[in-house]
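Student: Could you walk me through a structure that is new to me? I would like to take it step by step.

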Amino acid sequence: MTRKRSAGLLLYRGAGPAGPAIEVLLAHMGGPFWAAKDAGAWTVPKGEYDEDETPEAAARREFEEELGVPPPGGEPIPLGSVTQTGGKEVTVWALAGDLDPERITPGTFAMEWPKGSGRTREFPEIDRVAWFGPDEARRKIVTKQRIFLDRLEELLQRRDGAGAGD
């Protein structure tokens, strides 16, 4: 059996040494299971891909599928991979940019609901997106994805400190 793999883009803004503090764009997972949850129910916009697609291409495609808008231009920064609790490997890139959460038009998925009813309903893949500072993002994001926030902060600190003569 092939391990499931997902790829995503972690959009960030701010992060300038003299500018506003960093914020990241997270997506709240859609569907009935996540509807009443908040802490641990937010994710990097991501999705599954097959062997015939590169992870970075999948990350860009999934960003657009999940949010309904294309990702901003620019060169993504690799943040590596993590294996989530269910065994799925998630690979993420950071991308500087801005996005108005009001512009999103999420994709949908179908599932039997209520379970055992025999009725299929359609739900949004994500039901909202929002910008969060690092501390709040750590409380909101799926536990195993917190490492991506840490890696992004480390990269930005190294970048900003590199020219400071430390």
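Student: Which element gives the most to the lining of the largest pocket?

Tutor: This is a predicted model, where local features need pLDDT of at least 70, side-chain atom pairs count only at pLDDT 80 or more, and totals for chains, interfaces and linings use all residues. Residues are numbered from 1 along each chain as its sequence is written, and side-chain values use heavy atoms, with hydrogens and water left out. β4 (46–48), α1 (55–67) and β7 (108–112) each supply at least two lining residues, helices (H or I, at least four residues) and strands (E, at least two) being DSSP runs numbered from the N terminus. With three residues, the element that gives the most is β4.

Student: What is the volume of the largest pocket?

Tutor: On a 1 Å grid over the protein atoms alone, a pocket is an open set of points with protein on both sides within 12 Å along at least five of seven lines, a cavity is a set where a 1.4 Å probe fits but cannot get out, and lining residues have an atom within 4 Å of a point. Grid points are joined across faces, edges and corners, and a volume is the space filled by probe spheres set on the points. The lining holds 20 residues, with M29, G30, W34, F109 and E125 nearest the centre. The volume comes to about 370 Å³.

Student: How many nonpolar residues are in the lining of the second largest pocket?

Tutor: K4, E48, Q84, G86, G87 and K88 line this pocket. Ala, Val, Leu, Ile, Met, Phe, Trp, Tyr, Cys and Pro count as nonpolar, Asp, Glu, Lys and Arg as charged, and the others, Gly among them, as polar. The lining therefore divides into three polar, three charged and no nonpolar residues.

Student: Which element gives the most to the lining of the largest cavity?

Tutor: That lining is made of I22, E23, V24, F132, G133, P134, A137, L149, L152 and E153. The elements giving two or more of its residues are β2, α2 (134–140) and α3. With three residues, the top contributor is α3.

Student: Does T91 count as buried or exposed, and why?

Tutor: T91 lies in strand β6 (residues 89–96). Leaving out residues up to four places away in sequence, T91 touches S6, A7, G8, G80 and S81, where contact means heavy atoms within 4.5 Å. Buried means under 20% relative accessible area, exposed over 50%, and partly exposed in between (1.4 Å probe, protein chains only). Because its relative accessibility is 12%, T91 counts as buried.
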